[in-house]
Amino acid sequence: MTARAAPVSPDVLYIPDTASTRFFAGALALLSVLQYFVAEAAVIGVWAGQDPYSRRTGYISDLGAVGCGVFDGRDVCSPAHLLMNASFVVQGVGMMVGALLLSSALLCTAARPGARILLRPGWRSPSRSAVAARFFSFTAGAGTIIVGLVPEDSGSGWHGVGAVMYFAAGASALLMLGSLWIRQAALGWFVLVCGAVSFGALITAGVTGLAVPEPGTLERLMGYPITIGMAAAGLTVAQRVRSELSRRRSLTRQGHIRPAG
């Protein structure tokens, strides 16, 4: 004789409601960080320094420097600095908006189609890692906004502060998110590796003070993985939301659920 299953309380909730316009907007916000690569290529294309700009030896912030001349021993002249700085700001806004719109519950389940989290009244966030990922993403976004608003040749130390915020918090966000998704999908490994590469490069930069043969390469090992990892996370969430929306439309047409409103 088998025991009866315990009745489920009507107060129990299954979250998140994945088919949400809010979540789709948050995913698109994270995907928007990819515009950085387009902007960077365009700014490099019109570089006017005495020597051609090289991603291997040129500092990223040199592309946003307002003036032309020698800065910290480097010949700097970036006519399209406004585009570069605007790209930094747009990237930061995208990360901050994504952190605000994507719930912790969604991040816990986004990499595993159909997954739900069982919550009872009074329960808080389902995962500290998800909360931490959102916090670090928001902080990293604020950092790169500072970088865009305060160019390296502005004479303010806030540029360096913003850069450290972006690199450190961005890498930490990917490490948190990757550890959360690693058992759900192969993408978890990819996001985790992006965070590890960025964090490792950041430590190397801190130890060497960027006094390496290719400082531009080291900086890009710090920054590129963050942009790529955030975009991968945004794409994953967007795909999850779209599939859930399609499923609901199908069920609505079949009469299994009533349309909202």
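The legends below describe close-up views of a predicted model.

**View 1. The disulfide between Cys68 and Cys77.** The sulfur atoms of Cys68 and Cys77 lie 2.0 Å from each other. The count of disulfides in the model is one. The disulfide is right-handed because the torsion about the S-S bond of Cys68 and Cys77 is about 60°.

**View 2. Accessibility of Cys68, Cys77 and Cys194.** Cys68 has a relative accessible area of 52% and is therefore exposed, the cut-off being over 50%. Its disulfide partner, Cys77, is buried, at 12%. Cys194 is also buried, with a relative accessible area of 8%; the cut-off for buried is under 20%.

**View 3. The largest pocket and its centre.** The volume of this pocket is about 500 Å³. Its lining consists of 27 residues, and those closest to the centre are Ser61, His159, Ala163, Phe167 and Glu219. By class, the lining has 15 nonpolar, eight polar and four charged residues.

**View 4. Helices that line the largest pocket.** At least two lining residues come from each of α3 (81–101), α5 (128–149), α6 (158–181), α7 (187–208) and α8 (215–254). The largest share, six residues, is supplied by α6.

**View 5. The second largest pocket.** This pocket holds about 190 Å³ of space. Its lining is made up of Trp47, Gln50, Asp51, Pro52, Tyr53, Ser54, Thr57, Gly58, Tyr59, Asp62, Arg74 and Asp75. Sorted by class, the lining has four nonpolar, four polar and four charged residues.

Note on methods: Residues are numbered from 1 along each chain as its sequence is written. This is a predicted model: local features need pLDDT of at least 70, side-chain atom pairs count only at pLDDT 80 or more; totals for chains, interfaces and linings use all residues. Side-chain values use heavy atoms; hydrogens and water are left out. A disulfide is a pair of cysteine sulfur atoms within 2.5 Å. Buried means under 20% relative accessible area, exposed over 50%, partly exposed in between (1.4 Å probe, protein chains only). On a 1 Å grid over the protein atoms alone, a cavity is a set of points where a 1.4 Å probe fits but cannot get out, and a pocket is an open set with protein on both sides within 12 Å along at least five of seven lines; lining residues have an atom within 4 Å of a point. Grid points are joined across faces, edges and corners, and a volume is the space filled by probe spheres set on the points. Helices (H or I, at least four residues) and strands (E, at least two) are DSSP runs, numbered from the N terminus. Ala, Val, Leu, Ile, Met, Phe, Trp, Tyr, Cys and Pro count as nonpolar, Asp, Glu, Lys and Arg as charged, and the others, Gly among them, as polar.
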